[in-house]
Amino acid sequence: QTGMFTYDPGFTSTASCQSAITYIDGEKGILLHRGYPIDQLAENSSFMEVAYLLLHGELPARKELETFSYTISRHTMVHEQMLTFFRGFRRDAHPMAIMCGAVGALSAFYHDSTDITDPEQRMIASHRLIAKMPTLVAMAHKYSVGQPFLYPDNSLSYTGNFLRMTFGVPAEPYVVNPIIENAMRRIFILHADHEQNASTSTVRLAGSSGANPFACIAAGIACLWGPAHGGANEAALNMLREIGKPENIPQYIARAKDKNDPFRLMGFGHRVYKNFDPRAKVMKATADEVLKELGKSDPVLDVAKELERIALSDEYFIEKKLYPNVDFYSGVILNAIGFPTDMFTALFALARTVGWVAQWNEMISDPEQKIGRPRQLYVGAPQRDYIPVEKR
Ligand code: SDX
C-alpha cells in the first residue's frame with residue numbers, strides 16, 4: 001500500500017524497476033508525474049517546471065524555478081568543435097541519425113561530467129543534456145536545409161529559444177509567436193516522461209552498467225526512433241497523408257484488421273493504455289486550437305478525426321482496446337507549425353530527455369542498484385557433442 005495506490009503483487013513481481021517519477025493506470029487512462037495529472041501540468045506548467053518536477057520530485061517555488069532555468073541556460077551552447085562533427089553528416093541524413101551520433105559524441109567533449117559516482121557531475125551532465133537537446137535538434141534541422149546554425153538566445157524561454165534556433169535566420173530578427181510557443185510547451189510536456197517505456201528502459205539498462213549519461217541518452221534516442229515507439233508520430237502523419245481523404249479510410253481500417261497484412265494504424269494502440277491515452281485527448285484539443293489560432297486548416301486533421309470516429313466504432317478496435325495514442329495528433333500540430341515530418345521524432349527525443357535524465361538519476365543514485373540482466377526462456381537445442389566438419 002502506498003497512499004491511494006495498491007499494487008497487485010503479481011505486477012510488482014514482473015515490474016522491471018521501482019520508481020517514484022511517473023504513474024500510469026492503463027485501464028483508467030491516468031498519467032501522473034510525481035502525483036500531478038498530465039492535463040493539469042500541460043495546462044498550467046512551463047516545460048522547465050515539469051523538468052524540475054521530474055528531476056527533483058516537487059514543483060519548484062519561484063526562486064527554485066528561476067535558479068533552475070538560469071542553470072539550464074548556462075549550458076545551451078555546444079562545444080564549437082561539434083559544428084565540425086555536424087559537417088561530417090550528409091545533408092539528407094535523418095535527424096534521428098544525427099541525434100544518435102551527436103548526443104553520443106557529447107561524451108567526447110564533456111569529460112568533467114562523466115563520473116557517475118560524483119553526484120555533482122551527475123547533475124551537471126543532466127543539466128547539460130536538458131540544455132543542449134534543443135540546440136542539437138535545431139542544428140539538425142538547419143543542417144538539413146542548408147541554413148547557418150543560430151546560437152542560443154538565453155533571454156528567451158526554453159521553448160522560445162528552440163523555436164528561434166530552428167526557424168530564425170541571422171538576416172532578420174525572429175519574433176516568437178506565443179500561439180506556437182504555447183503549443184510547443186504543451187507538446188514538450190506531453191512527451192516528457194512515460195514510466196518504463198522501451199526507450200526509458202533502454203536508458204536505465206545502459207545506465208546500470210555505469211555508462212556515462214550522454215551515452216545512455218544516445219541509446220534511448222536510438223530506441224525511440226523505431227516506428228513502434230517514438231517514430232510513430234512521423235509514421236502517423238505519413239499514413240494520414242497517404243489516406244488523403246475520409247472516403248479512403250475504410251480500406252486502411254480493413255488492412256489494419258487483416259492478420260496477413262503487416263500494416264497497423266500508426267498512432268493507434270498502446271502497450272499500457274487499454275482505454276484512452278490522456279495525452280491524446282490534450283493533443284487533439286491542441287490541434288484544433290493551434291490550427292484555428294494560426295488561421296490554418298489541414299485536411300489531414302479531418303482525416304484523423306474521421307479515422308478515430310470510425311475506428312472507435314469498429315468491433316475489432318473495441319475488442320482489442322485500441323485507441324489513439326500520443327502520436328496520433330501530434331504530427332498535425334507540428335506540421336502546422338512548420339516542422340518537416342522527419343523532425344517529429346527528434347522533437348519527441350528533445351522532450352523525453354527530461355524524463356530519461358530523471359529516470360537515469362533515480363536509478364544511478366540508488367546505492368542498491370545493480371547492472372540490469374534480463375533473463376531468457378531457453379528454447380534451443382539440448383547439450384550435444386561437437387561433430388567434425390568432414391562428418392557433417
Ligand atoms: C509510444 O510504452 C510507452 O509508453 C510508449 C509511449 C511513450 O510515451 O513512451 O507511449 C510512446 O510509443 C506510443 C505507441 C506508438 N506506436 C504506434 O502508434 C505504432 C502503432 N501501434 C502498434 O504498433 C501497437 O499498438 C503498439 C506497438 C503500440 C503496441 O503493440 P502491441 O503490444 O502488439 O499491442 P497490443 O498487445 O495492445 O495489441 C493487441 C492486438 C494485437 O493483435 P492480436 O495479436 O491480439 O491479434 O491489437 C493489434 C495487435 O496486432 N494492434 C493493432 C494496432 N496495435 C495493436 N492493430 C492495428 N493497428 C494498430 N495500431
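Which residues touch the most other members of the largest nonpolar core? Keep that in mind while you set up the view. This is a predicted model, where local features need pLDDT of at least 70 and side-chain atom pairs count only at pLDDT 80 or more, while totals for chains, interfaces and linings use all residues. Residues are numbered from 1 along each chain as its sequence is written, and side-chain values use heavy atoms, with hydrogens and water left out.

**Stop 1: the core**

Select Val103, Leu136, Met184 and Leu265: these touch the most other members of the 116-residue core. A nonpolar core here is a set of buried Ala, Val, Leu, Ile, Met, Phe, Trp, Tyr and Cys residues joined through side-chain atoms within 4.5 Å. Buried means under 20% relative accessible area, exposed means over 50%, and partly exposed is in between (1.4 Å probe, protein chains only). In soluble globular proteins, nonpolar side chains tend to be buried together.

Now zoom in on Leu265. Leaving aside neighbours within four places in sequence, Leu265 is in contact (heavy atoms within 4.5 Å) with Met239, Tyr252, Ile253, Ala256, Leu307, Ala311 and Phe317.

**Stop 2: two packed helices**

Next, pick helix H6 (residues 95-105) and helix H18 (residues 344-364). Helices are DSSP runs of H or I with at least four residues, strands are E runs with at least two, and both are numbered from the N terminus. H6 and H18 pack at an angle of about 35°, and their axes are 8 Å apart. The axes are lines fitted to C-alpha atoms, for helices over the stretch in contact, and angles run from 0 to 180 degrees between N-to-C directions. Show the side chains of Pro95, Met96 and Met99 on H6, then Thr345, Ala346 and Ala349 on H18, to see who makes the contact.

**Stop 3: a hairpin**

Head to strands E1 (residues 22-25) and E2 (residues 30-33), which pair in the antiparallel sense over 4 bridges. Two strands count as paired if DSSP finds at least two bridges between them. Click Asp25 and you'll find its bridge partner in E2, Ile30. The hairpin has 4 residues between its strands, and Gly29 in the turn has a positive phi of about 65°.

Most residues other than glycine have a negative phi, and most peptide bonds are trans.

**Stop 4: salt bridges**

How many salt bridges does the structure hold? There are 13, each being a side-chain nitrogen of Lys or Arg within 4 Å of a carboxyl oxygen of Asp or Glu.

Start with Arg90 and Asp92, whose closest N and O atoms are 2.6 Å apart. Arg90 is exposed at 60% relative accessible area, and Asp92 is exposed at 53%.

Then try Arg186 and Glu289, with closest N and O atoms 3.1 Å apart. Arg186 lies in helix H9 (residues 178-190) and Glu289 in helix H14 (residues 278-293), so this pair ties together parts that are 103 residues apart in sequence. Arg186 is buried, at 6% relative accessibility, whereas Glu289 is partly exposed, at 31%.

Finish with Lys257 and Asp314, whose closest N and O atoms are 2.8 Å apart. Lys257 lies in helix H13 (residues 249-257) and Asp314 in the loop between helix H15 (299-311) and helix H16 (315-319), so the pair ties together parts that are 57 residues apart in sequence.
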